[in-house]
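Please keep the sequence and the structure in view while reading.

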Amino acid sequence: MPRARGGCDSGFGKEAAKKLELRACCSPHLKLLQMDLTKPGDISRALEFTKAHTTSTGLWGLVNNAGFNDVVADAELAPLATFRSCMEVNFFGTLQLTKGLLPLLRRSRGRIVTLGSPAGDMPYPCLGAYGTSKAAVVLLMDTFNCELLPWGVKVSVIQPGCFKTESVKNVSNWERRKQLLLTSLPQELLQAYGEDYIEHVHGQFLHSLSLALPDLSPVVDAIIDALLAAHPPSRYYPGRGVGLMYFIHYYLPEGLRRRFLQAFFISPCLPSALRPGKPGSTPTQDAAQDPDPDPSPGPSPTVAQ
């Protein structure tokens, strides 16, 4: 049966589409549509196209792969427009596409597979806009998983580690975004945090991207398993070290969880206004970053390793 995919022009979506179509880039079974998930008209046209081409065969699966983020910065520094854009693509676009295809998926007792992110489960430094949108879409999929169970529709979420997709490799784009942030920040915020603070965060972010895994096959294999397995799990965690990250997140005290994410991803320096000698500054960096570590562990997880 046919499968619909949201976001297959590059990265995980492109590789999964190629593998599902017998690795043939020009397979006659593969239909490509241009679709902007922020434009309801584009989604409506894609829905009509899919319905017209699956009336005789049914629709077996939907893969929600699209994801968007254009700012890496503290939530206070990230423009409100970035939060809105992340929600429009990562949540509302996925919601509209999924709801539109549900009648076909219910009829075939098919599958919904959605790419989430560990940033939606953990407070990754400087990924507030992206992480909150991914948290929203994952909760939505968990809701669908419960509500669609009587219909026989299986719902899976894939939480991948850091892989070298096209957006990860595009360093020049991240450089442009950083410069745009610097030029658009209100003067008060720029003075409070400091340009060197933003440069430091940007440098640590690029370093973390340089460690991304080049082989996308673990994520592609997870997508295919979620589509084709008789009993797919509701969660997949492909990628080196992802299982350890979730173990630390759920079982260690809050202060250690926060320090692990800072060491693993981005460890911000002190903002300019908090440095020694500045009015209102705190005594030490540790006090600013970890004011009240929680000695109690977090809730136990239900993690499919």
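This is a predicted model: local features need pLDDT of at least 70, side-chain atom pairs count only at pLDDT 80 or more; totals for chains, interfaces and linings use all residues.

Phe247 lies in helix α10, which covers residues 242–251. With a relative accessible area of 46%, Phe247 is partly exposed, because that class lies between the buried limit of under 20% and the exposed limit of over 50%.

Rolling a probe the size of a water molecule over the atoms shows where empty space is left. The structure holds two cavities of 30 Å³ or more, and the largest cavity has a volume of about 130 Å³. Its lining consists of 15 residues, of which Val72, Ala73, Lys178, Leu181 and His202 are the closest to the centre of the cavity. Helices α6 (171–184) and α8 (195–210) each contribute at least two residues to the lining of the largest cavity. Helix α8 provides the largest share of this lining, with five residues. In terms of residue class, the lining of the largest cavity comprises 10 nonpolar, one polar and four charged residues.

The second largest cavity has a volume of about 40 Å³. Among the residues that line the second largest cavity are Asn69, Val71, Ala73, Ala75, Ala78 and Thr82, together with Cys126, Leu127, Gly128 and Ala129. By class, seven nonpolar and three polar residues line the second largest cavity, with no charged residues.

Definitions and conventions. Residues are numbered from 1 along each chain as its sequence is written. Side-chain values use heavy atoms; hydrogens and water are left out. Helices (H or I, at least four residues) and strands (E, at least two) are DSSP runs, numbered from the N terminus. Buried means under 20% relative accessible area, exposed over 50%, partly exposed in between (1.4 Å probe, protein chains only). On a 1 Å grid over the protein atoms alone, a cavity is a set of points where a 1.4 Å probe fits but cannot get out, and a pocket is an open set with protein on both sides within 12 Å along at least five of seven lines; lining residues have an atom within 4 Å of a point. Grid points are joined across faces, edges and corners, and a volume is the space filled by probe spheres set on the points. Ala, Val, Leu, Ile, Met, Phe, Trp, Tyr, Cys and Pro count as nonpolar, Asp, Glu, Lys and Arg as charged, and the others, Gly among them, as polar.
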